[in-house]
Amino acid sequence: YAPAVFPKYEPFTIAEDPKERFMRKFFSYQQARCFVTGERVNTYDHVDYPYDKEDNCYHLATGDCDTHHFFAFVKHVENPKMDKAVKFYFHDDVFEVVPKADGEELELFVNNEKKENTKGFIFPITNHPNYKLSVSMWGKGVYIESKDYGVHLYTDGKNACFMVNNHYRGKQCGLCGDLD
């Protein structure tokens, strides 16, 4: 006799819209994720290794090492509640997210200018007016995304998450790996 082969079972509810289900599945496969926490890095290629850089210097987390459109850096800051700062270079613009001294909130700087009480805004890219970045405050975190380039960044001051579309496969560099 031959063993039976069953197709992979994936539960779903009748209430779930088939289009939404398709989009969720499609986009979950199209984006690679990297996490940098206080003590660990989980790369785009699912490699997990210790990260204990406490030298107060920025370290390249991820970057487009092919066309050089974007680079994201992380550094340890001396703060007992939020110990991670993130700097994101996108073309000629710089976004920096750092914990406030009290460790309760994050501060956002765009091109060295502090943004006050920002819930969200669309930022046109300098010298590239057809491309924009969306910047949002989520709870105590900051989310920056470029749908045009397929790049997403989230930080809450303790952790940083970087997501890139799979068309960056083999073109990434930094702590997050090369996505090969």
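Me: What share of the 180 residues is buried?

Reply: Buried residues come to 41% of the 180 in the protein. Bear in mind that this is a predicted model.

Me: And how many helices and strands are there?

Reply: The protein has 1 helix and 15 strands.

Me: What about contacts, how much comes from residues 24 or more positions apart?

Reply: Such pairs make up 38% of the contacts with a separation of 6 or more.

Me: OK, cysteines now. How many disulfides do you count?

Reply: The count is 2 disulfides, going by sulfur atoms within 2.5 Å. One of them links C34 and C176, with an S to S distance of 2.0 Å.

Me: Which hand does the link of C34 and C176 have?

Reply: Left-handed, with -80° about the S-S bond.

Me: Which parts does that pair tie together?

Reply: C34 sits in strand β1 (residues 31-36), while C176 is in the segment after β15 (172-173), so the bond ties together parts that are 142 residues apart in sequence.

Me: Are C34 and C176 buried or exposed?

Reply: Both C34 and C176 are buried.

Me: Which cysteine does C65 pair with?

Reply: C65 is joined to C173, and the S to S distance in the model is 1.5 Å. C65 is in the loop between β4 (59-64) and β5 (70-76) and C173 is in strand β15, so this pair ties together parts 108 residues apart in sequence.

Me: Is C65 buried or partly exposed?

Reply: Partly exposed, because its relative accessibility is 34% and buried would need under 20%.

Me: What pattern do the disulfides follow?

Reply: Counting bonded cysteines along the chain, the pattern is 1-4, 2-3.

Me: Switching to C57, how does its accessibility come out?

Reply: C57 has a relative accessible area of 41%, so it counts as partly exposed.

Me: Is C161 buried or exposed?

Reply: C161 is buried, because its relative accessibility is 12%, and the cut-off for buried is under 20%.

Terms used. Residues numbered from 1 in each chain as written. Predicted model: local features only at pLDDT ≥ 70, side-chain atom pairs only at ≥ 80, totals over all residues. Heavy atoms only, no water. Helix = DSSP H or I, 4+ residues; strand = E, 2+ residues; numbered from the N terminus. Buried < 20%, exposed > 50% of the residue type's maximum accessible area, 1.4 Å probe, protein only. Contact = heavy atoms within 4.5 Å.
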